[in-house]
Amino acid sequence: LGLPSVPVPSDNPMTAEKIALGKQLYFDGRLSADNKVSCASCHDPAKGFSNGEQFATGVEGKKGGRNSPTVINTAYGVLQFWDGRAKSLEDQALGPIQNPIEMNMTLDAVIKKLNGIDGYKSQFKKVFGTDGATAEGIAKAIAAYERTVISGNAPYDRSKAGDKSALSEAAQRGQKLFFGKAHCSACHAGPNFTDNSFQDRKS
């Protein structure tokens, strides 16, 4: 409730098997150089699919320059990463793997590692028809899983749908300010409360 259908690219249709593979990859520390850092290390479901800290921590305890943005509802994002440099979840998925601070792997190295695991090799063949893992397959599988991480049916959504008891009186006053005098909704608009823009975005 409150969210439109998840946009899915035509070249990466959602299947149960692909989502399961993507979820497995998302939680697997073996995608990193020290076999300890997974996507979930920085985008932790227990912390709102973020990291709950000022900075993200990667391999060997290295600290990044920013915290980890949430994965929740990124399926609706027009651009990905804090600076918007990736145009899709597929484009985003391989970045942290190759980042020297985050997971510190080359794509060749992570593909070789995954193809040394019989289960992964057979899963990629079943899902993508390839002879084992590929960079494209890794990106598509992780992106497919991330498209399932959505949050709707919030009190606001129920209120919009007609449930007058969904929001407290204080929340209703806040809503009036948000959409009125405070002008918050000038930037925080739509079902995901964002304008999907970046200060330094080039036209």
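**Cysteines and aromatic rings in a predicted model**

Cysteine 42 is buried, with a relative accessibility of 9% (buried means under 20% relative accessible area, exposed over 50%, and partly exposed in between, using a 1.4 Å probe and protein chains only). This is a predicted model, in which local features need pLDDT of at least 70 and side-chain atom pairs count only at pLDDT 80 or more, while totals for chains, interfaces and linings use all residues. Residues are numbered from 1 along each chain as its sequence is written, and side-chain values use heavy atoms, with hydrogens and water left out.

A disulfide is a covalent bond between the sulfur atoms of two cysteines. Here it is taken as a pair of cysteine sulfur atoms within 2.5 Å, and the structure holds 0 of them. For cysteine 42, the closest cysteine sulfur belongs to cysteine 39 and lies 8.9 Å away, too far for a bond. Cysteine 184 is likewise in no disulfide, as the nearest cysteine sulfur, in cysteine 187, is 9.1 Å away. Cysteine 184 is partly exposed, at 28% relative accessibility.

Turning to the rings, 10 aromatic pairs are counted (rings of Phe, Tyr and Trp, the last by its six-membered ring, pair if their centres lie within 6.5 Å; planes under 30 degrees apart count as stacked, over 60 as edge-to-face and the rest as tilted). One of them joins tyrosine 156 and phenylalanine 179, which are stacked at 6.2 Å centre to centre with 20° between the planes. Tyrosine 156 is partly exposed at 21%, and phenylalanine 179 is partly exposed at 39%. Elsewhere, Tyr26, Phe27, Phe49 and Tyr145 make up one aromatic cluster.
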